[in-house]
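Student: I'm new to this one and would like a close look at a single part. Could you walk me through the sheet and its surroundings?

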Amino acid sequence: MAADAARTQEGFTSARATRVMVTACRAAGLDDRGAELLRLGENALFRLSSAPVIVRVARGEEWLRTARTEVAVARWLATEGFPAARIIEDLEQPLLIDGHPVTFWHLIMEGDRKATYGELGGILRDLHSLTVPDGLVLPSFAPFDKQQLRLDRAVIPDGDRTFLRKRWRELQDRYAELRFETPKGPVHGDAHVQNLMVDDHGRVILIDFEAFCYDHPEWDLMVTAVEHHSLGWQTDEQYAEFVAAYGRDLYDWQGYETLRGIQEFGMTTWLMQNVQENEETAAEYRRRIAGLRDDDAPRNWCPW
């Protein structure tokens, strides 16, 4: 109990994630010396210098089931020959280290360019055409499953927390009224262009399976549609390439505004988890919650 209390008080910081990574590497027989923290978001990602391996540390034991799903999805996509991130097969995964699930992935050697929005549309089209095997049990898309923990743990003003809880309830009511017209299938669940990598052979590779699920494909189209129509993060030409490659513009669907609200809420609560890391993160969080308080205001949010 004392250890749990200490973890809650400290929070999921880069320092804590580093300690967990070190312990996990030693348990797996890997050399942690010189490891580099690449990203602190929903997970902490470390690149080892001793081997072509990425170590992924989740925020808490609540994400253990998710980590198990990630590993299972990676194995399935490998059998399909689908261009996706690969786990280190000769390690037992996930490990649970001091209350944090840890997984190990093959490093993708990046090439000299980023993936395009047309490539994102194409890879989502191909993913949604796959048939999930009977032995792979996937959850439904859960747009609100992480919000309770985020709201409970984030170091934000009480007024923000009250507002976010109210908005959360409003969005749940709107979500309950959504009516989808498409069949369910494999869904990535966080399908933005930053979750594609282009390797040094020019292959476009899908990464990050923590939100992978069995549900309606609109959840994957939501991300880029909101980034374009609400946030203006792509040019008209880039978005047109995405729509042409996939074959659909979600903006034309009657449920778009509800999905927009869910996406913007998730983007804000995702970022608020790390407001203690630095002032830059805190300032972006303040921009985002100010936008949520005024649905009609222009979004001057920065990509993160």
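Student: Which strands does H2 lie across, and at about what angle does H2 run to E5?

Tutor: Before we start, this is a predicted model, so local features need pLDDT of at least 70 and side-chain atom pairs count only at pLDDT 80 or more, while totals for chains, interfaces and linings use all residues. Residues are numbered from 1 along each chain as its sequence is written, and side-chain values use heavy atoms, with hydrogens and water left out.

Now to your question. H2 lies across E1, strand E2 (43-47), strand E3 (53-58), E4 and E5, and runs at about 65° to E5. H3 packs on the sheet as well, touching E3, E4 and E5, and its direction makes about 20° with that of E5. Helices (H or I, at least four residues) and strands (E, at least two) are DSSP runs, numbered from the N terminus. Contact means heavy atoms within 4.5 Å. Axes are lines fitted to C-alpha atoms, for helices over the stretch in contact, and angles run from 0 to 180 degrees between N-to-C directions.

The sheet itself is open, made of 5 strands in the order E1-E2-E3-E5-E4, with antiparallel pairing. E1 (36-40) and E4 stand at the edges with a single partner strand each, so one side of each has no neighbour in the sheet. From one strand to the next, the twist averages 30°. Two strands count as paired if DSSP finds at least two bridges between them. E4 and E5, which run antiparallel, are joined by 3 bridges; for instance, Ile-97 has His-100 in E5 as its bridge partner.

Asp-98 has a positive phi of about 50° although it is not a glycine. This residue is partly exposed, with a relative accessible area of 42%. The peptide bond from Gln-93 to Pro-94 is cis, with omega near -10°.

H2 (residues 14-28) has 15 residues and reaches 21 Å from its first C-alpha to its last, close to the 21 Å expected at 1.5 Å a residue; the expected span is 1.5 Å times one less than the number of residues. Its buried residues are Arg-16, Ala-17, Val-20, Met-21, Val-22, Ala-24, Cys-25 and Ala-28. Just after H2, Gly-29 takes a positive phi of about 75°.

What about the cores? A nonpolar core is a set of buried Ala, Val, Leu, Ile, Met, Phe, Trp, Tyr and Cys residues joined through side-chain atoms within 4.5 Å. In the largest one, with 72 residues, Leu-77, Leu-164 and Phe-209 touch the most other members. Apart from it lies another core, of 21 residues, and Val-20 is among them, as are Phe-12, Ile-88 and Leu-95. Leaving out residues up to four places away in sequence, Leu-77 touches Phe-82, Ala-84, Arg-86, Leu-127, Leu-130, Phe-209 and Phe-212.

Methods. Buried < 20%, exposed > 50% of the residue type's maximum accessible area, 1.4 Å probe, protein only.
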